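Welcome, and please open your viewer. We will go from the whole chain to single side chains, one selection at a time.

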Amino acid sequence: MSILVKITLTAALLISIVIPFGAFAIGEKTRGRYKAALGANLFMFFGTMVFAGVMMFNGTALAAETATEGAAVSAAGMGYLSAALSTGLSCLGGGIAVSAAASAALGAISEDSSILGKSLIFVGLAEGVCLYGLIISFMILGNL
């Protein structure tokens, strides 16, 4: 990858971080402030991903690369992608589960403090989903 592409991708990443903070600071002091920041963050994130995909797959290939080397690089890339997806998606699901379980547990504990142990078990089970995804990604990376 050329130095110009690396500089451009780094600049796009930094802009995607800075602009949402600017949208948050400029936004109204109401709920619209958070919506503007979230909208800017989503737009810049997906814009950066599309830009990186275009720059990565622009059709140029090295002439010295043989078919077997290309297949090995492709297989390793798919392995890294699957490891990242298994970790990321399991943590996303675990975060959603913990948010639901923890808020319900706090509500139940505020009414009856004797169920603290039971509620902690449910929150721990929800966090276990993240660990399972991490273990699977280590298993995938171990086979590369």
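## The whole chain

Of the 144 residues of the protein, 18% count as buried, where buried means under 20% relative accessible area, exposed over 50%, and partly exposed in between (1.4 Å probe, protein chains only). This is a predicted model, in which local features need pLDDT of at least 70, side-chain atom pairs count only at pLDDT 80 or more, and totals for chains, interfaces and linings use all residues. Residues are numbered from 1 along each chain as its sequence is written, and side-chain values use heavy atoms, with hydrogens and water left out.

Colour by secondary structure first. Helices here are DSSP runs (H or I, at least four residues) and strands are runs of E (at least two), numbered from the N terminus.

The protein exposes about 10500 Å², and carbon and sulfur atoms supply 76% of it; accessible areas come from the Shrake-Rupley method with a 1.4 Å probe, and for residues only the protein chains shown count as cover.

## Stop one: a nonpolar patch

Select Met 78, Leu 81, Leu 85, Leu 89, Leu 92 and Ile 96. Together they form a nonpolar patch on the surface with about 630 Å² of accessible area. Nonpolar side chains (Val, Leu, Ile, Met, Phe, Trp, Tyr) are joined within 5 Å, like charges within 9 Å. Met 78 sits in helix H3 (residues 67-111), and counts as exposed because its relative accessibility is 54%.

## Stop two: helix H4

Next, select residues 116-142, which make up H4. This helix of 27 residues reaches 39 Å from its first C-alpha to its last, close to the 39 Å expected at 1.5 Å a residue (1.5 Å times one less than its number of residues).

Lys 118 lies in H4 and is exposed, at 59% relative accessibility. Its C-alpha is 8.8 Å from that of Ala 105, 13 residues apart along the chain.

Which residues of H4 are buried? They are Ser 119, Val 123, Ala 126, Gly 128, Cys 130, Gly 133 and Ser 137.

## Last stop: Ser 137

Zoom in on Ser 137, buried with a relative accessible area of 3%. Its side chain reaches the backbone oxygen of Leu 134 at 2.7 Å. Not counting residues up to four places away in sequence, Ser 137 touches Ala 83, Ser 86 and Thr 87, with contact meaning heavy atoms within 4.5 Å.

Notes. Patch = residues over 30% accessible without salt bridge, like charges linked within 9 Å, V, L, I, M, F, W, Y side chains within 5 Å. Salt bridge = Lys/Arg side-chain N within 4 Å of Asp/Glu carboxyl O. Polar contact = N/O pair within 3.5 Å; in protein donor to acceptor, adjacent residues only side chain to side chain.
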